[in-house]
Amino acid sequence: MKITQVEAIPFAIPYRKPLKFASGEVHVAEHVLVRVTTDDGVVGIAEAPPRPFTYGETQAGIVAVIDGIFAPQVTGLDLMEREQIHARLSRTVGNPTAKSALDMAIWDALGRSLGYSVTELLGGYTDRMRVSHMLGFDEPAAMVAEAERMRDTYGITTFKVKVGRRPFSLDTAVVRALRVGLGDDVELYVDGNRGWSASESARAMKDMADLGLTFAEELCPADDVLGRRWLVSQLDVPFIADESVVTPAEVTREVLGGSATAASIKTARTGFTTSRRVHHLAEGLGIELVMGNQIDGQLGSLCSVAFGSAFELTSRRAGELSNFLDMSDDLLAEPLEIRGGELVARSGPGLGAVLDPDKLAHYRQD
Ligand code: MUC
Ligand code: MG
């Protein structure tokens, strides 16, 4: 089970419907496929979605850091030496999605080698998650229509509403329209991607106090340290830290500093090895977790559901697993399907994903 080859393959697939939010927008999935091969011919795969507006990584940068630094560091190691691999990758700062895709491709190869699914290897709590759909910026009527379509087509009843626009009254109007249009049977929460100030966030949350929101996520920047602490102390719903908690240490700092009361785990930025650390930390701190989405393709979504369904704490809440529905195509031979509001983790071995070689040949950029 020794790693003999690591490949970083850039590919690009356009979105049918771009996702727009306070910190940016995504029109094309310019991701990197990471492929790990072992001496006994097993191949593990995962994908890295560069998000320059969140982590500073680019597609070319991910390929360069994997080819130039990470591949030589892990080649020759055994798949079971996961903590050694983690320690070697940790010598380089930053590059969270590059490290994570490599980490997850290694777990996929390990599962394939041992004959277990990644969910079983990680914890094996269940095999599925309820799905939460993310609604990007649009006019109120269009966002209500999209939510209705998701509910009627896929049975999804939990929605994360992107807010953080200026003026903020447009956002609160959207959330109100969703509650009126969809009724009390759906769960709604908001994500500001740092677009509001702390005082705008406080005003908006007061304005929406009657709408029964479940969570508020990253409404204002974590670097507005006292403002965010002041905001979080007055909310009556958990405040999810998302892009402000890329490492376990950042989770600790945000929560103990009173600037967050819940956290998002995104396997795209913490892989399986560090996501597991964040999960255990959250359990110790006694905070809720939500499986987030880094605007992942199908392979990335499969990684999220594989991790989320492995633990009781991460499978309590609906996971954000549906962004792939807005892509015009994907690389998997057998597409993911959301049914009855749920996504099932594949039974393996590994992640249970098979690539369509023609699609990879068509979309690869190298
Ligand atoms: C999210 O939850 O914020 C949009 C920006 C980003 O960093 O992740 C996505 C989704
Ligand atoms: Mg977020």
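This is a predicted model: local features need pLDDT of at least 70, side-chain atom pairs count only at pLDDT 80 or more; totals for chains, interfaces and linings use all residues.
Residues are numbered from 1 along each chain as its sequence is written, and chains are lettered from A and ligands numbered from 1 in the order in which they are written. Local features need pLDDT of at least 70, side-chain atom pairs count only at pLDDT 80 or more, and totals for chains, interfaces and linings use all residues, while side-chain values use heavy atoms, with hydrogens and water left out.

Helices (H or I, at least four residues) and strands (E, at least two) are DSSP runs, numbered from the N terminus. Three strands form an open antiparallel sheet in the order E1-E2-E3, where pairing requires that DSSP finds at least two bridges between two strands. Strand E1 (3–21) and strand E3 (43–48) are the edge strands, each pairing on one side only. From one strand to the next the twist averages 20°; axes are lines fitted to C-alpha atoms, for helices over the stretch in contact, and angles run from 0 to 180 degrees between N-to-C directions. Strand E2 (residues 24–38) is joined to E3 by six bridges in an antiparallel arrangement, and arginine 35 stands opposite isoleucine 45 in E3.

Two helices are described against this sheet. Helix H3 (residues 96–114) lies across E1, E2 and E3 and runs at about 155° to E3. Helix H12 (residues 298–308) packs on the sheet and touches E2 and E3, its direction making about 100° with that of E3. Contact means heavy atoms within 4.5 Å.

Strand E5 (residues 158–162) is mostly covered, with five of its five residues buried, that is, under 20% relative accessible area (1.4 Å probe, protein chains only). Thr158, Lys160 and Lys162 lie on one side and Phe159 and Val161 on the other, and all are buried. Strand E4 (residues 128–135) runs parallel to E5 and is joined to it by four bridges; leucine 135 stands opposite valine 161. The chain passes from E4 through helix H5 (residues 140–154) to E5 in a right-handed β-α-β crossover, meaning that, with the strands pointing away from the viewer, the path from the first strand over the helix to the second runs clockwise. Five bridges join E5 to the parallel strand E6 (residues 187–191), with valine 161 opposite valine 190. The crossover from E5 through helix H6 (residues 169–182) to E6 is right-handed.

Helix H2 (residues 82–89) and helix H11 (residues 273–285) pack at about 95°, with their axes 10 Å apart. H2 is therefore roughly perpendicular to H11, a class covering 65 to 115 degrees. Arg82, Glu83 and His86 of H2 meet Thr273, Thr274, Arg276 and Arg277 of H11.

Note on methods. Buried means under 20% relative accessible area, exposed over 50%, partly exposed in between (1.4 Å probe, protein chains only). Angles under 35 degrees count as roughly parallel, over 145 as roughly antiparallel, 65 to 115 as roughly perpendicular and the rest as oblique.
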